[in-house]
Amino acid sequence: MFDYSGKTVFVAGGTSGINLGIANGFAAAGASVFVLSRDPEKVDAAVAEISSHGNPAAGRPADVRDSEAVAAAFAQCADAFGKIDVLVSGAAGNFPAQAKDISSNGFRSVLEIDVLGTHHVMTAALPHLNQPGASIINISAPQAFNAMTWQSHVCAAKAGVDMITRTLALEWGPLGIRVNSVSPGPIEGTEGMARLAPGKGAMERVAESVPLRRNGTKQDIANMCLFLGSQMASYVSGAVIPVDGAWSLNLSGTSFDGFAAQVKHTD
Ligand code: COA
Ligand code: NAP
């Protein structure tokens, strides 16, 4: 449906889970794809998987909290593949814990990966973006707008990511750069859900709380990113777009007392 032949896509945090699914989606549509994450073995494995679609792929180990390492990755990507048409920023950290049990370093880790990391990724990308025309997609989460117990650090961090999205849509709109957030619902087969809904039957219980009565797939999120990166979305900027089967609306309802309660975290 979408043709990304000759386009360059950079996916920060693109070596596993949803972000790897997004990287695969763009590669399957013809793009050259560059991925970044901390673990060199994950980077190598992801590059091999993404390459299997028959288009160029490369990657580099880097921590999004390290601005110099992030800048070096963008320089390498631009050298290899030219200007970047689509940037996906999806590196994130999460663990379930009540605020009273989160140390200063634990809270800082999540804030720095999500919020500072998004700032590093977006600002390091800027000189290498195709202007006008580039599309930036930050990966958010329902925690940005739905308060969830055991998720105070993630709620704060993802709300910060969405405000960066909105603010840079204003600052970079005149350059012809669109900036949006995609907010996935519960996505099956991911590290995030393994942490938040562990144990037998937990994902099935989560699916029952989704109005569409199923959990999402990595392809569901890739599909939205393929749309946002394309000319079909040329007037979409500054938006935070849920791709969640209306799950986040249900989280605000009276029938459901928060996601963490659903998966039965207790003291
Ligand atoms: N409950 C409370 N605190 C926790 C915790 C938990 N379940 N897991 C980690 N922490 C704390 C650690 O104790 C540490 O704090 P301390 O130094 O005061 O003891 C702090 O978080 C940082 O942990 P560390 O492992 O050193 O940080 P890191 O930067 O290597 O990793 C994390 C960051 C903690 C977010 C780690 O889980 C991670 O790398 N996550 C990436 C993958 C992921 O989260 N995927 C899902 C995305 S939705
Ligand atoms: P995941 O597989 O753990 O993906 C996280 C990715 O980010 C990994 O590739 C990880 O690789 C990388 N990463 C983590 N910390 C990093 C750092 N400091 N620097 C560079 N890279 C880093 O988890 P996921 O569940 O698929 O989540 C992906 C995204 O979707 C996240 O933004 C998450 O918040 C969002 N999300 C997920 C769900 C869900 O259902 N899973 C729902 C809503 C939103 P390394 O370990 O090699 O660094």
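Predicted model: local features only at pLDDT ≥ 70, side-chain atom pairs only at ≥ 80, totals over all residues.
User: What kind of aromatic pair do phenylalanine 10 and phenylalanine 34 form?

Analyst: Phenylalanine 10 sits in strand β1 and phenylalanine 34 in strand β2 (residues 32-37), 24 residues apart. Their ring centres are 5.3 Å apart, with 20° between the planes. Planes under 30 degrees apart count as stacked. The pair is therefore stacked.

User: Which cluster do ring pairs build with Phe10 and Phe34?

Analyst: The count of aromatic pairs comes to three. Ring pairs link Phe10 and Phe34 with one further residue, Phe74.

User: Why is the pair of tyrosine 4 and phenylalanine 26 edge-to-face?

Analyst: Tyrosine 4 and phenylalanine 26 are both buried. Their ring centres lie 4.9 Å apart. Planes over 60 degrees apart count as edge-to-face. This pair is edge-to-face because its planes stand at 90°.

User: Which helix gives the most to the shell around ligand 1?

Analyst: The shell has 16 residues. By class, four are nonpolar, seven polar and five charged. Helices α4 (104-125) and α6 (191-196) each supply at least two of the shell residues. The top contributor, with four residues, is α4.

User: How much of the accessible area of ligand 1 does the protein cover?

Analyst: A polar side-chain atom of arginine 65 lies 2.8 Å from a ligand 1 oxygen. A polar backbone atom of asparagine 94 is 2.9 Å from an oxygen of ligand 1. On its own, ligand 1 has 930 Å² of accessible area, and the protein covers 57%.

Methods: Residues numbered from 1 in each chain as written. Chains lettered and ligands numbered in written order. Heavy atoms only, no water. Near = heavy atom within 4 Å. Polar contact = N/O pair within 3.5 Å; in protein donor to acceptor, adjacent residues only side chain to side chain. Areas by Shrake-Rupley, 256 points an atom, 1.4 Å probe, with all protein chains shown as cover. Nonpolar A, V, L, I, M, F, W, Y, C, P; charged D, E, K, R; others polar. Phe/Tyr/Trp six-rings, centres within 6.5 Å; stacked < 30°, edge-to-face > 60°. Buried < 20%, exposed > 50% of the residue type's maximum accessible area, 1.4 Å probe, protein only.
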